[in-house]
Amino acid sequence: MKEFHCGSLVPGCEWHTRAGEEAEVMRRAVEHMRETHGETTIRETMIEAIRSRIEKVRDAA
């Protein structure tokens, strides 16, 4: 499982997501940035910032 906490990029944001594939975490994170934080253009630097904050987590038992 992979996990992303938006607060690691946008201080104070409590949103997070978890999925089996990094690509799905990225898709959800980009959608969240657009819908919640008003980002209209997702630049490569933002993609890199999100990707660098995705963590591998142990699957829940």
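Author: Start with Arg51, which is found in helix α2. This is a predicted model, where local features need pLDDT of at least 70, side-chain atom pairs count only at pLDDT 80 or more, and totals for chains, interfaces and linings use all residues. Residues are numbered from 1 along each chain as its sequence is written, and side-chain values use heavy atoms, with hydrogens and water left out.

Reader: Why is Arg51 called partly exposed?

Author: Its relative accessibility is 40%. Buried means under 20% relative accessible area, exposed over 50%, and partly exposed in between (1.4 Å probe, protein chains only). Therefore Arg51 counts as partly exposed.

Reader: What does Arg51 touch, apart from residues up to four places away in sequence?

Author: Arg51 touches Glu22 and Met26; contact means heavy atoms within 4.5 Å. Arg51 and Met26 are 25 residues apart along the chain, and their C-alpha atoms are separated by 7.2 Å.

Reader: Ser52 also lies in helix α2. Why does Ser52 count as exposed?

Author: Ser52 has 56% relative accessibility, so it counts as exposed. Ser52 and Arg28 are 24 residues apart in sequence, and their C-alpha atoms are 15 Å apart in space.

Reader: Now Val25, in helix α1. Why is Val25 called buried?

Author: The value for Val25 is 0% relative accessibility, so Val25 counts as buried. Leaving aside neighbours within four places in sequence, Val25 is in contact with Lys2, Phe4, Thr17, Arg18, Ala19 and Ile54. Met1 is 24 residues from Val25 along the chain, with 9.6 Å between their C-alpha atoms.

Reader: How much of the protein chain counts as buried?

Author: Of its 61 residues, 31% do.

Reader: What makes a set of residues a nonpolar core?

Author: The members must be buried Ala, Val, Leu, Ile, Met, Phe, Trp, Tyr or Cys, joined through side-chain atoms within 4.5 Å. The largest such core here has 14 residues, and Phe4, Met33, Ile42, Ile50 and Ile54 have the most contacts inside it. Two elements give two or more residues to this core: α1 (22-37) and α2 (44-53). The largest share, 5 residues, comes from α1. Nonpolar side chains tend to be buried together in soluble globular proteins.

Reader: Which residues is Ile42 in contact with, leaving aside neighbours within four places in sequence?

Author: Val30, Met33, Arg34 and Ile47.

Reader: How do you know that the radius of gyration agrees with a compact globule?

Author: The radius is taken over C-alpha atoms, and the globule rule is 2.2 Å times the number of residues to the power 0.38. With 61 residues, a compact globule would be near 10 Å; the protein chain has 11 Å, so the value agrees. The C-alpha atoms fill a box of roughly 40 × 20 × 15 Å along the principal axes.

Definitions and conventions
Helix = DSSP H or I, 4+ residues; strand = E, 2+ residues; numbered from the N terminus.
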